[in-house]
Amino acid sequence: MKKRKYTLLIVIMLLAGLFISALTVMAAAQKIYDEAELFSASEKGSLEKQTVSLSERINMDVIIITTNENDGKTSSAYADDFYDMNGFGYGDEADGVLLLINMEDREVYISTCGKAIHYLTDRRIENMLDKIYPHLSEGNYSEGAAAFLNSLEYYVKEGIPANQVTKDESFTGNPSDPSYTVYRETENPSKKALICLVISLGIGAGVVGVMAAHNKGRIGTNANTYLDPRSFKLLHAEDRHVNTKITHVTINTNSGGSGTSSTHTSSGGASHGGGGRKF
Amino acid sequence: MSVITYQCPNCGGPLGFNADLQSWKCEFCLSDFDEDAVRALKEEQEEHRSENAAEEERAEFESNARSYSCPSCGAEIVTDDTTAATFCYYCHNPAILPGNLSGTYRPSKVIPFTFERAAATEAFIKWCKKKPLLSKDFTSSSQLELLSGVYIPFWLYDCDIRGKMSASARNIRTWTSGDKRYTETKYYDVVRAGTAKFRGIPADGSKKTDDRLMETLEPYDYSQMRDFSMSYLSGYLAEKYDVGENEVYDRIKERIQNYSRRLLEDTITGYSSVSVNNCLADIYQSRATYVLLPTWMFTYNYKGKTYVFAMNGQTGKIAGSLPLSKARMALWFMGVSAVAFIILFVVGGIFI
């Protein structure tokens with residue numbers, strides 16, 4: 001009895017320890033880097049909360065940074081490097097999105113990495129910038145950031161466009177070039193394994209079911225077994241056409257530009273997508 | 001009432017039909033007799049029998065549980081009232097009860113056995129070995145309780161039918177023009193009517209046998225059918241019918257219904273899909289023939305349960321439920337699933 005109590009105590013302590021360490025990890029995962037001090041303390045707190053919860057929901061890192069100095073870099077390079085240096089992003093592909101508000105160049109830039117490249121095609125990034133930049137022009141930086149988060153969530157929920165292709169800037173025009181990849185959903189292996197498992201269990205059950213049915217012996221006769229050959233006479237055959245229905249669907253032919261995600265390679269060697277606009 | 005045992009004219013020993021030789025053989029003096037010889041023998045015996053005909057008729061009314069005396073040893077042979085051929089329990093000589101094979105109970109045709117007792121057992125064990133879900137110890141540890149060659153009474157129905165079917169059919173065609181994909185569905189009302197003749201649809205006329213089991217034994221090869229002679233029954237068991245030709249008619253009708261539906265449906269071709277609205281088959285002429293068909297009945301005792309199998313005594317086709325081994329089922333299930341999983345995961349990775 002006493003032993004059991006100790007075990008329970010140890011388990012509780014372990015759980016508590018895990019919980020605390022999880023909390024500290026979450027606290028350490030800062031999402032907002034407001035170097036240009038564009039947000040008030042309350043705005044920053046609320047944005048921090050929103051980005052953390054959005055990151056969890058879409059399973060991609062969401063980062064918002066502001067800066068007064070571009071260190072001589074373009075917005076694109078600055079955003080990509082900041083993302084790479086800080087090791088943002090989830091998973092092996094460093095899935096995530098970064099919003100840069102660059103006050104030196106008065107430019108807003110969205111950088112995508114990993115899975116986010118597929119979600120945020122060039123056209124979608126343009127649409128997002130359309131939503132964000134009016135707020136920035138008016139100096140409502142936090143609203144601009146909120147518009148970014150809203151439109152990001154909207155597009156992730158929409159899913160990856162069916163015709164999405166990824167085109168690296170080094171793309172030469174040859175579709176077999178490795179810098180040109182047509183998106184194919186790479187399911188995580190456990191999900192794929194689960195689907196395979198369900199199908200194979202179904203096949204197994206089906207095969208055993210058929211075997212069990214055959215165990216009894218099958219009826220080996222059919223209509224022709226006892227039919228006097230040549231006795232079957234068709235006396236009357238009528239095929240009357242009564243109705244015709246024609247339906248049509250429009251095929252989506254402009255599969256070109258809308259699904260393209262242009263990517264480039266950052267100084268750190270990582271592949272990023274993105275786009276920016278002056279405000 | 002008398003009992004017939006065919007006796008060898010050479011030595012007086014009992015004659016039994018031999019399925020391998022397709023003739024009658026005396027097991028004592030090893031003489032062989034063909035059909036004509038045995039018929040002559042029968043006539044001789046019938047003459048003898050008519051002497052006590054009056055006595056027979058009186059006995060026929062006595063009871064359902066009938067008793068006969070064995071002509072070889074004089075012991076009483078007790079059977080139920082549907083038995084037409086059996087063995088004497090004491091001297092094991094074949095005994096035929098002609099009272100159950102005469103008048104309306106006289107079969108017009110018979111198909112003789114082609115599988116001997118040993119061949120039947122061998123075929124059965126071979127069949128068991130091919131069943132993957134059967135415990136390996138079934139044939140070794142189980143006990144063959146009963147193996148008997150039985151002539152089962154069957155009604156063979158010849159039916160001339162008229163059938164009519166109405167159905168809805170559709171044809172679907174798709175094509176692309178410009179940026180539109182068109183789907184055209186054409187609907188048709190289809191009517192088919194025809195006549196057909198079915199010959200020899202069997203229905204067993206014995207309450208004792210399971211209808212479904214008997215249906216699984218089909219088909220019998222009617223080309224080997226012979227005119228009935230009691231001599232074929234010698235050495236086997238035989239039953240007389242206790243389900244009349246009118247009582248099996250519903251079963252025949254149901255089969256006719258299915259067959260005509262299939263025949264007519266097969267004439268509706270050239271459509272993407274067909275759905276039958278209704279189908280009627282009318283039997284305008286039918287005739288039933290009473291025949292005896294050979295079956296081997298196996299009764300196995302396995303782990304305290306009794307399993308019954310039937311084998312077509314002419315073709316060797318076997319029917320019956322084997323015990324399913326749960327362990328082997330689980331093994332197969334896991335094996336097949338595992339192989340399917342590997343194939344899907346490795347090869348199918350391209351598709352999923």
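I began with B:Arg162, which counts as partly exposed at 41% relative accessibility (buried is under 20% relative accessible area, exposed over 50%, partly exposed in between, with a 1.4 Å probe and protein chains only). The model is predicted, so I kept to its rules: local features need pLDDT of at least 70, side-chain atom pairs count only at pLDDT 80 or more, and totals for chains, interfaces and linings use all residues. Residues are numbered from 1 along each chain as its sequence is written, chains are lettered from A in the order in which they are written, and side-chain values use heavy atoms, without hydrogens and water.

I looked up the partner of B:Arg162 and found a salt bridge to B:Asp282, 3.4 Å from N to O (a side-chain nitrogen of Lys or Arg within 4 Å of a carboxyl oxygen of Asp or Glu). B:Arg162 sits in strand E9 and B:Asp282 in strand E13 of chain B, 120 residues apart (strands, E, at least two residues, and helices, H or I, at least four, are DSSP runs numbered from the N terminus). B:Asp282 is partly exposed, at 37%.

Next I checked B:Asp211 and B:Arg251, whose side chains form a salt bridge of 3.3 Å. This pair links helix H5 with helix H6 of chain B, 40 residues apart. B:Asp211 is partly exposed at 30%, and B:Arg251 is partly exposed at 24%.

A:Arg277 is buried at 18%, whereas A:Glu126 is partly exposed at 37%.

Last, I recorded the count over all chains: 18 salt bridges.
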